[in-house]
There are 2 protein chains.
Amino acid sequence: MEKGKASIHFEEPPFIAGMASVAGKKEGQGPLGHLIDVIEQDDMCGKENWEAAESAMQKKAAQLAIKKSGTEKEKIRYLFAGDLLGQLIATSFGTADLEIPTFGLYGACSTMGEAIALGAMTVHGGYAEQVLSMASSHFATAEKQFRFPLAYGNQRPFSATWTVTGCGAVVIRKGGQGIAKITGVTVGRIVDFGARDSMNMGAAMAPGAVHTILQNFEDFDVDETYYDRIITGDLGEVGRKIVLDMMKEEGHDLESVYMDCGIEIFDKEKQDTHAGGSGCGCSAVTLCSMILPKIQRGEWKRVLFLPTGALLSTVSFNEGKSIPGIAHGVMIECI
Amino acid sequence: MEKGKASIHFEEPPFIAGMASVAGKKEGQGPLGHLIDVIEQDDMCGKENWEAAESAMQKKAAQLAIKKSGTEKEKIRYLFAGDLLGQLIATSFGTADLEIPTFGLYGACSTMGEAIALGAMTVHGGYAEQVLSMASSHFATAEKQFRFPLAYGNQRPFSATWTVTGCGAVVIRKGGQGIAKITGVTVGRIVDFGARDSMNMGAAMAPGAVHTILQNFEDFDVDETYYDRIITGDLGEVGRKIVLDMMKEEGHDLESVYMDCGIEIFDKEKQDTHAGGSGCGCSAVTLCSMILPKIQRGEWKRVLFLPTGALLSTVSFNEGKSIPGIAHGVMIECI
């Protein structure tokens with residue numbers, strides 16, 4: 001099952017048996033709006049504060065994914081979940097009511113990749129019949145955590161991305177009926193190219209994405225022609241160019257197969273989100289609203305899904321640290 | 001391999017093949033001081049700030065555990081690691097140089113349990129020959145993250161614990177020679193009894209610990225007589241009493257087998273740490289300096305190791321939220 005240096009090949013691929021996406025109003029107005037299961041017209045979700053709203057979205061996405069997969073929460077053995085906030089409070093307060101034994105994960109915006117990788121390993125390893133993997137972010141909780149108070153109304157450079165308000169959740173199951181199968185994972189490592197601009201996360205994360213793509217190619221002895229799509233999480237317009245350039249230098253032309261969830265989820269012209277969407281919720285929502293349905297319908301046979309994370313905090317940033325990146329790759333195929 | 005509702009039994013138990021502990025000066029002066037591999041006389045570890053010091057301890061503990069296990073970092077397939085800081089910056093900046101594919105984990109002070117559980121599942125599942133599991137905390141980074149500036153010199157109530165400056169790391173390996181074997185895990189779930197006092201974490205975490213202990217007993221059809229020791233992470237004096245009382249109500253007298261790492265690591269009379277030690281590093285350092293060697297020597301045949309986490313952040317606390325707890329149980333036995 002070990003494959004190459006950092007990858008795992010699942011001989012009996014676990015299935016994604018259920019999926020759900022919950023997102024905010026702005027995401028609902030974007031190109032994927034009609035594909036997202038639930039659009040919250042109130043970004044507070046009727047709660048007292050932004051953090052509670054993000055927790056509410058997690059709970060809703062979890063419950064919906066479980067329901068859509070035709071099971072119930074008592075039959076989900078483990079939960080793999082995370083968010084962007086310090087000490088994962090969106091997850092802790094969003095999932096307690098589910099009463100499912102929980103592994104809390106932090107991979108910045110790569111968390112959905114980490115959650116699916118560990119979930120698939122757990123199911124394939126015979127440790128669970130069914131698990132739930134989930135990640136969320138919220139524009140307002142992220143601005144509060146990482147940047148400026150919303151009321152301050154600071155200007156954003158064009159390299160900045162817009163944190164997606166949303167949560168995506170998948171139920172992973174051993175065989176049976178399913179939406180798609182998970183055939184392998186490539187676990188990312190922390191890659192630090194010395195980027196220091198927290199308003200240009202795409203540049204910080206691109207080298208991590210490139211590292212994982214190349215590792216995946218090497219471990220499985222494939223190249224870009226093996227995939228219908230290679231889809232990063234939230235590199236946005238700036239990161240996209242860097243990935244294409246870096247891959248070209250390595251002898252790979254990704255232009256025809258490459259996509260980025262951050263570019264797909266917002267309308268660049270109409271929505272004023274600058275470089276695109278970001279946050280754990282960006283790749284999670286795009287996966288559960290657009291990518292998985294396309295694979296289910298057979299439009300894409302094989303996808304390398306690569307959520308990308310920028311590993312910084314306000315403390316590390318203020319201490320003048322660089323912003324390392326990480327990307328976890330999940331190979332998802334048509335059943 | 002599924003066992004009961006939340007546990008996993010390893011038919012071919014993975015081995016803990018290497019262990020290392022690095023800690024601060026105060027921990028060095030405590031009862032376990034002579035057992036800890038490296039005592040840093042300078043809590044800054046020669047770095048510019050506390051966070052960089054914590055990262056340096058992680059790197060040192062990782063390298064030493066790898067060395068002591070007789071392998072090299074290139075042969076460690078995956079790293080499971082975490083800390084208490086927002087966005088896991090101690091881990092991100094401490095482990096990048098190791099160049100090992102990394103799963104970032106957050107379970108508050110339960111992280112060492114989570115890291116060992118996932119590490120053992122990964123090795124036992126055939127996904128890796130060797131992995132590294134690790135967790136750290138630092139008194140000064142935690143005070144800065146969760147409480148008051150050190151220079152403010154605030155008074156601490158007697159229910160408060162003292163965050164351990166330290167890191168513990170273990171290499172988990174498929175068979176071969178080893179220190180101890182991991183025979184099972186019981187994955188904790190988030191338990192919220194409505195505790196709200198962030199200066200009394202023991203009370204907040206105790207119900208989570210009790211839940212996991214009872215789940216472990218049920219899943220493996222055992223009771224307290226099955227273990228030589230049941231050892232929680234960092235409940236301290238206050239949490240200890242609650243665990244003993246709650247377990248008694250459930251018909252279990254734990255008095256003769258129960259220990260808490262937070263009580264072991266500091267000298268209550270001489271070190272002025274009030275309720276005891278806490279932090280991810282508390283259970284990790286105690287495991288790697290005292291618990292594992294005792295199991296290796298056969299003094300204890302079977303231990304239930306239960307790191308305990310309090311799931312709060314300053315944001316959740318300031319928003320008036322309760323403090324849920326979680327505990328992950330790992331069954332460690334003499335080879």
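Analyst: The questions below take up several terms in turn.

Analyst: This is a predicted model, in which local features need pLDDT of at least 70 and side-chain atom pairs count only at pLDDT 80 or more, while totals for chains, interfaces and linings use all residues. Residues are numbered from 1 along each chain as its sequence is written, chains are lettered from A in the order in which they are written, and side-chain values use heavy atoms, without hydrogens and water.

User: Why is the pair of Tyr127(A) and Phe10(B) called edge-to-face?

Analyst: Rings of Phe, Tyr and Trp (its six-membered ring) pair if their centres lie within 6.5 Å; planes under 30 degrees apart count as stacked, over 60 as edge-to-face and the rest as tilted. The ring centres of Tyr127(A) and Phe10(B) are 6.2 Å apart and the planes stand at 90°, so the pair is edge-to-face. This pair crosses between chains: Tyr127(A) is in the loop between α4 (111–124) and β7 (130–137) of chain A, and Phe10(B) is in the loop between β2 (7–9) and β3 (15–23) of chain B. Helices (H or I, at least four residues) and strands (E, at least two) are DSSP runs, numbered from the N terminus. By the ring rule, the count over all chains comes to 14 aromatic pairs.

User: What makes Tyr78(B) and Phe103(B) an edge-to-face pair?

Analyst: Their ring centres lie 5.8 Å apart and their planes are at 65°, so the pair is edge-to-face. Tyr78(B) belongs to strand β5 (residues 78–82) of chain B and Phe103(B) to strand β6 (residues 102–104) of chain B, so the pair ties together parts 25 residues apart in sequence.

User: Why does Tyr78(B) count as buried?

Analyst: Buried means under 20% relative accessible area, exposed over 50%, and partly exposed in between (1.4 Å probe, protein chains only). Tyr78(B) has 0% relative accessibility, so it counts as buried. Phe103(B), at 0% relative accessibility, counts as buried.

User: How do you know that the charged end of Lys26(A) sits over the ring of Trp162(A)?

Analyst: A charge sits over a ring if NZ of Lys or CZ of Arg is within 6 Å of the ring centre and within 35 degrees of the ring normal. The charged end of Lys26(A) is 4.2 Å from the centre of the Trp162(A) ring and sits over it. Likewise, the charged end of Arg302(A) sits over the ring of Tyr226(A), 3.7 Å from its centre.

User: Why does Glu51(A) count as buried?

Analyst: Glu51(A), found in helix α2 (residues 50–68) of chain A, has 5% relative accessibility and therefore counts as buried. Leaving aside neighbours within four places in sequence, Glu51(A) is in contact (heavy atoms within 4.5 Å) with residues including Leu85(A), Lys144(A) and Glu319(B).
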